[in-house]
Amino acid sequence: MKTMLYASAAAAVLALVSTAQAQDTVKIGVILPYSGQFADGAKQMDAGIKLYMKMNGDTVAGKKIEIIRKDVAGPQPPVAKRLAQELVVRDNVDILAGFLLTPNAMAAADISAEAKKFMVIMNAATSIITTKSNYSVRTSHTLPQVSATMGAWAAKNGVKKAYTMVSDYGPGHDAETSFQAALKSAGGESVGAVRMAVANPDFSAYVQRAKDLNPESIFVFIPGGAQPAAIGKAFAERGIDSAKTKILGTGELTDDSALVNMGDTALGIITAWTYDHNHKSALNEKFVAEYKKDNNGENPNFFVAGGYDGMHVIYEALKKTGGKTDGEALVNAAKGLKWEAPRGPMMIDPETRDIVQTIYIRKVEKVGGKLVNVEFDKVENVKDPVKAAMK
Amino acid sequence: MTASDPAAAMTPQTYMQSLSRWRVLEIAFWLATLLPFWLFPTYLSLASQIAITALFALSLDLILGYAGIVSLGHAAFFGLGAYSAGIFTKFVWGEPFSGLLVAALVAGIVGFASSFIISRFRHLTLIMITLGLGLLLHEAANSMSWLTGGSDGLQGVSIKPVFGVFKFDLYGYTAYGYALGILFLCFLFTRRLINSPFGLALRGIRENFTRMPAIGADSRAHIRKVYTISAIIAGIAGGILAQTTETVALEVLSFERSADVLVMLVLGGAGRLYGGLIGAGVFMIARDQFSGIAPQYWYFWIGVLLVVVVMLLPNGILGGLSKLTARWRRK
């Protein structure tokens, strides 16, 4: 029975190889949480992928691009791993892409490594994901990349003492450590920290504790969605004045949808982030206009940018390999790739395969009656600090 | 059982024996579980996850279907098993069977400890307690991220080949064979247990909790035993998931997992041994197919399926089938 199993497995592999060679298409398997509480982000990233294909055609290097979508429904690594497995063995995909959530990306990376498939991480932001497969690249950001930049920038710009408030889960802990480390090494000081329950919509107790300390600044990291508005309200209610106490954060805090809910309490919040639709460049203006046309006038966000730039890496890598799709060739083609993206200049680090990009420092201001993240400073060529420290 | 049995021949001994006799359909069912190896070799990783979920559903059936303990937190034991097996594999030893043993042990100990609370309550209180236990463990795993990997999931689990020979491969041949084998062994054990006087006593407890002690069967002691056994089986199921996917995430302890397995059991038919297995298969295949058609809306179709089954077949798919065959036999 065992030999029969292996024989049928071998036959299946042979069948796969021969059909893959005969085709003139490049199949990309996209794994995203299309249903469940992360469905919004998945929809936006998918729209970014679609937009790139609309603007740049669906043929590259003589091959037609075909997208196969799979729903992972939330942070479920066993499902993500199985979907990646099925995409490889059943649908014969050449490239794995998508990945909104870290645990899913980590699980699928095993398959990428084992099957030697090129993998493009379009959002998941934990630093170590790209170390799990040598065939993976990232086109979003890493969390330390933004929060460490925030810490260093704050210390260099007169904020010497900071209190940190983060959600009590993996990304929150990462944000806290990298912000504090960067702040300290730039001459600042951490005056206290609190970790807030992830599922907790009431922040008033935490904010009160921060207020009692009366710190010079407060760094906040919470997941996007409904929470930014809740914490914004708590700041306003407890009387924390952003003119006296600087509120610092990452871009999730002042995302467009969050700003709408926060209202004027958001004014003066300073965040470090990679992309905002108000970024001034000709390329971005075109990108925003095209996106709005297809999506009922909505503005693109970082999910959209991640999907769009991820497709760019795939297209450029395919052009370089002349349509060859083996993982080794594609990842080598992607290493060191430099391009001008809607968010500004980007590069795939040839050593770590992670993203190198400009981090913008923005402040929430009222422009023409609307709350807007206004970029007023930037740090160029930021690498992932965790992997830089590993070396 | 069947109408043709002469009533005179039905002593308690022969009744118990007739329960444990293997039927043709059962043998056919287990032979059919081997078919995916040849017919659907590209669906084997799905098949292995169905086998794992089926084992989990079987463990819930033991307490819900037979002893009448309603649990909305059964994922607690599944998750305990998954984390125990995962952590053991990562830090101690990668041999799969010893990992399963550790998973069973940890889940069993926690199951036994909590069974003292469980056996004191019934109905709604029980739902709340099991729900709370599940949430507690979920939060504990989240905050102990140094051990569990927190919301990023446990990484670096690398499992050795089964029997030192069969490596876990990309197609999932080993994963399915392994999961199916363990499922079958646990099933044999459960089947023996259910068709024993102990199993009969459980059904008695389900029907009338207060009357059983009057005929000499202590309800609470029975519930403690079956709850511990159920926890062990759920832990083994979690352990297999951790080993075959080489990762563990907080999701194994989530409320959704507890709720989904309940849905599967209701779909298949609770208290019927095969109900959980059939329910898990139907649920997972339906989910896979529906989400392939429209990734955004698959849960809608699962909802429709559940409503239809509950309205038309109150005892689940198996309940409906046995009703049909009973009617057909009478004619």
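The structure is a predicted model, in which local features need pLDDT of at least 70 and side-chain atom pairs count only at pLDDT 80 or more, while totals for chains, interfaces and linings use all residues. Residues are numbered from 1 along each chain as its sequence is written, chains are lettered from A and ligands numbered from 1 in the order in which they are written, and side-chain values use heavy atoms, with hydrogens and water left out. Helices and strands are DSSP runs numbered from the N terminus, a helix being H or I over at least four residues and a strand being E over at least two.

**Strand β1 of chain A**

- Strand β1 (residues 25-32) of chain A is largely enclosed by the rest of the structure, because seven of its eight residues are buried; buried here means under 20% relative accessible area, exposed means over 50%, and partly exposed lies in between, with a 1.4 Å probe and protein chains only.
- Two strands are said to pair if DSSP finds at least two bridges between them, and β1(A) pairs in the parallel sense with strand β3 (residues 63-71) of chain A over eight bridges.
- Within β3(A), A:I68 is the residue that stands opposite A:G29.
- A parallel pairing over four bridges also joins β1(A) to strand β4 (residues 95-98) of chain A, and there A:V30 has A:A97 as its bridge partner.

**Salt bridges**

- A salt bridge is a side-chain nitrogen of Lys or Arg within 4 Å of a carboxyl oxygen of Asp or Glu, and by this rule the count over all chains is 25.
- A:E86 and A:R82 form one such salt bridge, at 3.1 Å from N to O; the two residues are four apart in helix α3 (residues 77-89) of chain A, so about one helical turn separates them, and both are buried.
- A:K132 and A:D110 form a salt bridge in which the closest N and O atoms are 3.2 Å apart. This pair links distant parts of the chain, 22 residues apart, with A:K132 in the loop between β5 (118-121) and β6 (136-138) of chain A and A:D110 in helix α4 (residues 102-115) of chain A.
- In that pair, A:K132 is partly exposed at a relative accessible area of 24%, whereas A:D110 is buried at 17%.
- A:K319 and A:E316 meet in a salt bridge of 3.1 Å, N to O, and they lie three residues apart in helix α11 (residues 302-321) of chain A, so that about one helical turn separates them; A:E316 is partly exposed, with a relative accessible area of 22%.
- A network of salt bridges that share partners joins A:K54, A:E290, A:K293 and A:D294.

**Interface of chain B and chain A**

- With contact taken as heavy atoms within 4.5 Å, 43 residues from chain A and 32 residues from chain B take part.
- The buried area, which is the accessible area (1.4 Å probe) that two parts lose on being put together, summed over both, is about 3400 Å² between chain B and chain A, and carbon and sulfur atoms give 57% of it. In chain B, the residues that lose the most area to chain A are B:D152, B:L170 and B:Y171, which together account for 20% of what that side buries.
- Two salt bridges are found across the interface of chain B and chain A, and A:K81 forms a salt bridge with B:E246 in which the closest N and O atoms are 4.0 Å apart.
- The elements that give two or more residues to the side of chain B that touches chain A are α3 (36-39), α4 (44-66), α11 (219-245) and α13 (275-293) of chain B.

**Two serine residues**

- A:S204 lies in helix α7 (residues 204-213) of chain A and counts as buried at 13% relative accessibility.
- The side chain of A:S204 makes a polar contact with the side chain of A:D202 at 2.8 Å; a polar contact is a pair of N or O atoms within 3.5 Å, where within protein one must be able to donate a hydrogen and the other to accept it, and residues adjacent in sequence count only if both atoms are side-chain atoms.
- B:S59 lies in helix α4 of chain B and is buried, with a relative accessible area of 0%.
- A polar atom of the B:S59 side chain lies 2.7 Å from the backbone oxygen of B:F56, and, leaving aside neighbours within four places in sequence, B:S59 is in contact with B:H74, B:S230, B:I233 and B:A234.
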